[in-house]
Structure formats: C-alpha cells, structure tokens
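Subject: Structure handover

Hello,

Please find the structure below, together with its sequence. My notes on it come after.

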Amino acid sequence: MSKPAVLVSRALFPEVLERLRRHFEVEDNPEDEVLDAPALRQRLQAKQGLLAAGGERISAELLAACPALRVVANMAVGYNNIDVPACTARGVLVSNTPDVLTETTADFGFALMMAAARRMSEAERYLREGRWTKWRYDLLTGSDVHGATLGILGMGRIGQAIARRGAAGFGMRVLYHNRSRLPPDTEAALGAQYVDKAALLAQADHLVLVLPYSAASHHAIGAAELALMKPTATLTNVARGGIVDDGALAAALRAGRIAAAGLDVFEGEPAVHAELLALPNVVLTPHIASASLRTRRAMADLAADNLIAALTGGVPPTPVNPEVLAAARA
Ligand code: DGY
C-alpha cells in the first residue's frame, strides 16, 4: 500500500523528518523557502497532510484547492493562521502544540519584561558604541521588577506560568484580566487577583500580553489603552502581532506616555514598524519566545505525533477541532 503524502512546509529537524519518512512520502523544504499562497497551493496538491512549520495561512480557498488534505499539524500553540471553521467544515483535522512550550515561553516573556524594565538592550548598545567612559549615579536607571505590580492580559497556560515567576520568584503583586475568570483556588495558588481591563492597565507597573490573537483581540492595546497606563510602566508582548497597534505604541514610547516595551511579535512580521526600530526604549526580538532547542524539538515532535496519528488511524494528542475525529468515527 502506498504511503500517504505529506508536506513539511519549512526546514525542520532531520530526525523528525526521518520519523515522518517511516510513515509518509514526505516533501520537505530544505532550502527553507517561505511559501506564499500560490507556492503552498502548488506543493499541497494531492497531499493528505501538512506540517505547517512557519505559520502558513490556511484559508478556505486553499482548502478548496487541495481536496485531498486531511490534516494540518501546526507547529505552534497559536493557530490564528488557520481558518479552523473552514477546516472543520471540510473534515480537515487541525492540531497545535500546547504545553510543551509553556515554561520556555514564560521564561522568555519574563526575560523580555526585565530587559525592558532594566534597559538591557539600550545599555548594551551604549557600551558597544564606546559611550561608557565613567560611572554616573543615574546612568541608564530603569525600574524595579521585584516587588512591582505585574499585569497579565490573557491568563492561559503561559500567563499562569509568568504569574508564578512573578509572585514566587520576584515578590510581585499579580493582577490579571482574561475573558474568563480563573477558579478561586487557582487564583489563590497563583497569588493572582482578577481585575477589569481598565484597572489592569492603570495599575500594572509591568504589563505582559499573553492572549491569543483573534478579531476580538485585534488592537486590544491601542492609543486609548496606552493612555491609561502609568508613564513609568513597561509593556511586553509575547503573544501575537496585531494585538498591539504598533504605530500607537511607537507614538506612546516616543512621547514617554509609557517608559519602555519588550516586543517579540509584530504586526506584519517579519517586517517591523520603522518607528519602533528607531526608538531606544524598546527591546525587539524576532518571535523567538519558544526558541530553546529542547522546546523547538518538542514542538516538532508533537506536530509530527499529531500528523502520524491522524493519518494512520491513531489518536492525535492535541487536536484543535476534535469534532472532526468524532465525525470520522461516527
Ligand atoms: C506559538 O507557538 O504560537 C509561537 O508563537 C510560535 O509561533
């Protein structure tokens, strides 16, 4: 019997590709070419599975053009690149990679917040540019993280992991806002207090965004929200571009309406708003919050597990639309 055909959209760990080859005819992308919509459509023809390793957009049009497709295994916890209802309507299973990246992403979110608060990037540039000629009492003074108020917008797994770091490790007062409030025992275990969004913005010394991107969260932080924040506050985004209005953020940082920002994700990335690139008080990183070697390998393995299970009659471990499985088995 011939093996199912799958596409791995971007370069990936050779060991993971090897494992996939035991089950599938694999078309990979060793040149790591970024596939635009026509290239993706062309390569996905007659494929039953896709391991989407680069946030490829999976639209209703693409699905209509690729009727053999049965599974999209996204190598990310976020899946806003995928039209899930369209996949479900066509019986295409979608999976993501939750849990394996939670602690690594929380580490990075916390590090980015600290880098913004303590002006790490600015300080390193200052030194490398040869501008450090003497000690001075107020040289590159930033704001404290320990004992400050941590505000978390979006309190899923990663938000909770950041809350634990703040409360237990840094003695922070932790406030959060989320679509749904956590159960009282979870709040108590985290030492986190639920507040409305306006109170979160007004009280946080360090605001961290960890909410999923959707039409509802588009520009959740814009000029009006930034105006509610303390002029000494920092803003960190390790969630998705588009949650922050990058133009409004650049204006707020330039005007000193907030003190600093740490951004790992951007509207229209990998392009970055020109004004953000020019500002000293923002730490910029290229969407690497989950990028420890061990975690990226775990994400690739989990995406492969989902693809293999879905196309060989197994139980995919982390489906996004499990109703597709139930319908197939009914
Ligand atoms: C995720 O897993 O969603 C990360 O942002 C990587 O895309």
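The notes below go from the whole chain to its domains, then to the strands and a few single residues.

This is a predicted model, in which local features need pLDDT of at least 70 and side-chain atom pairs count only at pLDDT 80 or more, while totals for chains, interfaces and linings use all residues. Residues are numbered from 1 along each chain as its sequence is written, and side-chain values use heavy atoms, with hydrogens and water left out.

Overall form

The protein chain has 14 helices and 12 strands. Helices (H or I, at least four residues) and strands (E, at least two) are DSSP runs, numbered from the N terminus. The radius of gyration of the protein chain is 22 Å, close to the 20 Å given by the globule rule for 330 residues, so the chain is as compact as a globular protein of that length. The radius is taken over C-alpha atoms, and the rule is 2.2 Å times the number of residues to the power 0.38. Along the principal axes, the C-alpha atoms of the chain fill a box of roughly 75 × 50 × 35 Å.

Of the 330 residues, 48% count as buried. Here buried means under 20% relative accessible area, exposed means over 50%, and partly exposed is in between (1.4 Å probe, protein chains only). The chain exposes about 15,400 Å², and carbon and sulfur atoms supply 56% of that area. Accessible areas come from the Shrake-Rupley method with a 1.4 Å probe; for residues, only the protein chains shown count as cover. Among contacts (heavy atoms within 4.5 Å) with a separation of 6 or more, 61% are between residues 24 or more positions apart.

Domains

What does the domain assignment of the protein chain give? The result is domain 1 (5-98 + 293-329) and domain 2 (102-284), with bounds that come from an automatic or database domain assignment. The centres of the two domains, taken over C-alpha atoms, are separated by 32 Å. Five residues from domain 1 and four residues from domain 2 take part in the contact.

An open sheet of five strands has the order 2-1-3-4-5, with parallel pairing. Two strands pair if DSSP finds at least two bridges between them. Strand 2 (25-27) and strand 5 (93-95) are the edge strands, each pairing on one side only. From one strand to the next, the twist averages 15°. Strand 4 (residues 71-74) and strand 5 pair in the parallel sense over three bridges, and Val71 stands opposite Leu93 in strand 5.

Helix 1 (residues 14-21) touches strand 1 (5-8), strand 2 and strand 3 (49-52), and its direction makes about 145° with that of strand 2. Helix 2 (residues 37-44) touches strand 1, strand 2 and strand 3, and its direction makes about 155° with that of strand 1. For these angles, axes are lines fitted to C-alpha atoms, for helices over the stretch in contact, and the angles run from 0 to 180 degrees between N-to-C directions.

Strand 11

Strand 10 (residues 234-237) and strand 11 run parallel and are joined by four bridges. The bridge partner of Leu235 in strand 11 is Ala261. Side chains in a regular strand alternate between the two faces of the sheet. In strand 11 both faces are covered: Ala260 and Gly262 on one side, and Ala261 and Leu263 on the other, are all buried.

Single residues

Pro270 lies in the loop between strand 11 (260-263) and helix 12 (274-278). The peptide bond from Glu269 to Pro270 is cis, with omega near 15°.

Asp99, in the loop between strand 5 and helix 5 (102-117), has a positive phi of about 70° although it is not a glycine. Asp99 is partly exposed, with a relative accessible area of 48%. Arg119 sits in the loop between helix 5 and helix 6 (120-128) and has a positive phi near 60°. Arg119 is partly exposed, at 25%.

Thr295 is in helix 13 (residues 293-311). Is Thr295 buried or exposed? Thr295 is buried, with a relative accessible area of 6%. Not counting residues up to four places away in sequence, Thr295 touches Val100, Leu101, Thr104 and Ser290.

Regards
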